[in-house]
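Biologist: I have a model open and would like to go through it. Can you take my questions as they come?

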Amino acid sequence: MKAARQAKRREEKAAKAEAREHRATEYRPTPMWFKVIMIGLMIVGLLWIIAYYLFQGLVPIPGIGEWNLFIGLGFMLAGLIMTTQWR
């Protein structure tokens with residue numbers, strides 16, 4: 001009985017070690033296009049908000065008022081959410 005339990009434990013340890021090794025070998029870095037879009041969204045959002053304040057609501061979309069802030073923050077939030085997937 002004792003030898004059988006020890007053999008089973010060894011097999012379980014070997015399976016866990018193999019699973020860890022498999023996860024380590026399947027690692028792939030984040031593609032360049034993902035990083036460019038992520039950073040680009042954050043920059044576009046920042047520029048959107050800066051343009052809204054500098055031109056007193058006449059740019060980027062006149063007539064929607066403070067919704068321009070929400071649009072800029074939306075771009076920035078999309079970029080921030082993308083950072084959670086960066087490897």
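Predicted model: local features only at pLDDT ≥ 70, side-chain atom pairs only at ≥ 80, totals over all residues.

Biologist: Fine. How many helices and strands does the protein have?

Modeller: The secondary structure amounts to three helices and zero strands. Read from the N terminus, the order of elements is α-α-α.

Biologist: Is the protein a compact globule or more spread out than that?

Modeller: More spread out. The C-alpha trace spans about 80 × 25 × 15 Å along its principal axes.

Biologist: And what share of the residues is buried?

Modeller: Of the 87 residues, 16% count as buried. The exposed surface comes to about 7300 Å², with carbon and sulfur atoms supplying 68% of it.

Biologist: What about contacts between residues at least 6 apart in sequence, how many of them join residues at least 24 apart?

Modeller: 63% of them do.

Biologist: Over to helix 2. Why do you say its length agrees with what a helix should span?

Modeller: Helix 2 covers residues 32–54, which is 23 residues. At 1.5 Å a residue it should span 33 Å, and its end C-alpha atoms are 32 Å apart, so the two agree.

Biologist: Which of its residues are buried?

Modeller: Phe34, Met38, Gly45, Trp48, Ile49, Ala51 and Tyr52.

Biologist: What do those pack against?

Modeller: The buried residues of helix 2 pack against helix 3, residues 67–82.

Biologist: Take one from the other side, then. Is Asn68 buried or exposed?

Modeller: Asn68, which lies in helix 3, has 0% relative accessibility and counts as buried, because the cut-off for that is under 20%.

Biologist: Which residues is Asn68 in contact with?

Modeller: Setting aside neighbours within four places in sequence, Asn68 is in contact with Trp48, Tyr52, Pro60 and Ile61. Trp48 and Tyr52 are among the buried residues of helix 2. Pro60 belongs to the loop between helix 2 and helix 3.

Biologist: Is Gln56 buried or exposed?

Modeller: Exposed, with a relative accessible area of 72%.

Biologist: Now helix 1. Where does Lys13 sit?

Modeller: Lys13 lies in helix 1, residues 2–25. Its relative accessibility is 64%, so Lys13 counts as exposed. From Lys13 to Pro29 there are 16 residues in sequence, and 28 Å from C-alpha to C-alpha.

Biologist: Last one, charges. How many positive and negative side chains are there?

Modeller: There are 12 positive and 6 negative side chains. The centres of the two sets lie 10 Å apart.

Notes: Residues numbered from 1 in each chain as written. Heavy atoms only, no water. Helix = DSSP H or I, 4+ residues; strand = E, 2+ residues; numbered from the N terminus. Expected span 1.5 Å × (residues − 1). Buried < 20%, exposed > 50% of the residue type's maximum accessible area, 1.4 Å probe, protein only. Contact = heavy atoms within 4.5 Å. Rg over C-alpha atoms; globule rule 2.2 N^0.38 Å. Areas by Shrake-Rupley, 256 points an atom, 1.4 Å probe, with all protein chains shown as cover. Lys, Arg positive; Asp, Glu negative; His and termini not counted. Charge placed at Lys NZ, Arg CZ, Asp CG, Glu CD.
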